[in-house]
Amino acid sequence: MLVAFSVAPSGRPSGAHQDTTGNGDGSVHAAVAEAVKIVRDSGLPNSTSSMFTEIEGEWDEVMDVVKRATEAVAKYGSRVSLVLKADIRPGHTGELAGKVERLERAIDEMDEYQGHS
């Protein structure tokens, strides 16, 4: 399974995490960094972009990582926003890179067909 997710705190934080950004711009980079570290430390294939983190593995192991990342972010606010999209395709692995490779090949084939290569 592939899961793309984004997790961020909202609301007023309490305790030790009250001033994690220190700049008053509403940035959540410290909370997101903690979540991404959990994903990376999981050992599961993963990729992070500017808005989402993708992770690949079996249902229970992926959801455990998402849960732990969400719990880590919860320390930074009074509530947490979690956006999650899953591609559940039993029997397939290596799709984190495989889907992108197939997309790039399809684009290349379109360019060749249209005479843009």
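**View 1. Helix H1 spans residues 29-41 of this predicted model.** H1 has 13 residues and reaches 18 Å from its first C-alpha to its last. That is close to the 18 Å expected at 1.5 Å a residue, where the expected span is 1.5 Å times one less than the number of residues. Helices (H or I, at least four residues) and strands (E, at least two) are DSSP runs, numbered from the N terminus. Just after H1, Gly43 takes a positive phi of about 85 degrees.

The model is predicted: local features need pLDDT of at least 70, side-chain atom pairs count only at pLDDT 80 or more, and totals for chains, interfaces and linings use all residues. Residues are numbered from 1 along each chain as its sequence is written, and side-chain values use heavy atoms, with hydrogens and water left out.

View 2. Ala31, Ala35, Val36, Ile38 and Val39 are the buried residues of H1. Buried means under 20% relative accessible area, exposed over 50%, and partly exposed in between (1.4 Å probe, protein chains only). Seen down the axis of H1, the buried residues fall within an arc of 150 degrees, so they line one face of the helix. The arc is that of the directions from the helix axis to the C-beta atoms. Arg40 and Asp41 are exposed, on the face turned away from the buried side of H1. The buried residues of H1 pack against strands S1 (2-10), S2 (46-48) and S3 (53-56), and against helix H2 (59-74).

**View 3. The largest nonpolar core holds 17 residues.** Such a core is a set of buried Ala, Val, Leu, Ile, Met, Phe, Trp, Tyr and Cys residues joined through side-chain atoms within 4.5 Å. Val3, Phe5, Ile55, Val62 and Val65 touch the most other members. S1, H1 and H2 are the elements that give two or more residues to this core. H2 supplies the largest share, 6 residues. Leaving aside neighbours within four places in sequence, Val65 is in contact (heavy atoms within 4.5 Å) with Ile38, Val39, Ser42, Leu44 and Ile55.

View 4. A salt bridge is a side-chain nitrogen of Lys or Arg within 4 Å of a carboxyl oxygen of Asp or Glu. By this rule the count comes to 6. Lys37 is partly exposed at 48% relative accessible area, and Asp41 is exposed at 54%.

**View 5. Lys99 forms a salt bridge with Asp87.** The closest N and O atoms are 2.6 Å apart. This pair links distant parts of the chain: Lys99 in helix H3 (residues 95-113) and Asp87 in strand S4 (residues 79-87), 12 residues apart. Both ends are partly exposed, Lys99 at 38% and Asp87 at 27%.

**View 6. Arg89, Glu95 and Arg102 are linked in a network of salt bridges.** The side chains of Glu95 and Arg89 meet at 3.5 Å, N to O. Glu95 is buried, at 9% relative accessibility. Arg89 is partly exposed, at 41%.

View 7. Buried residues make up 26% of the 117 residues.
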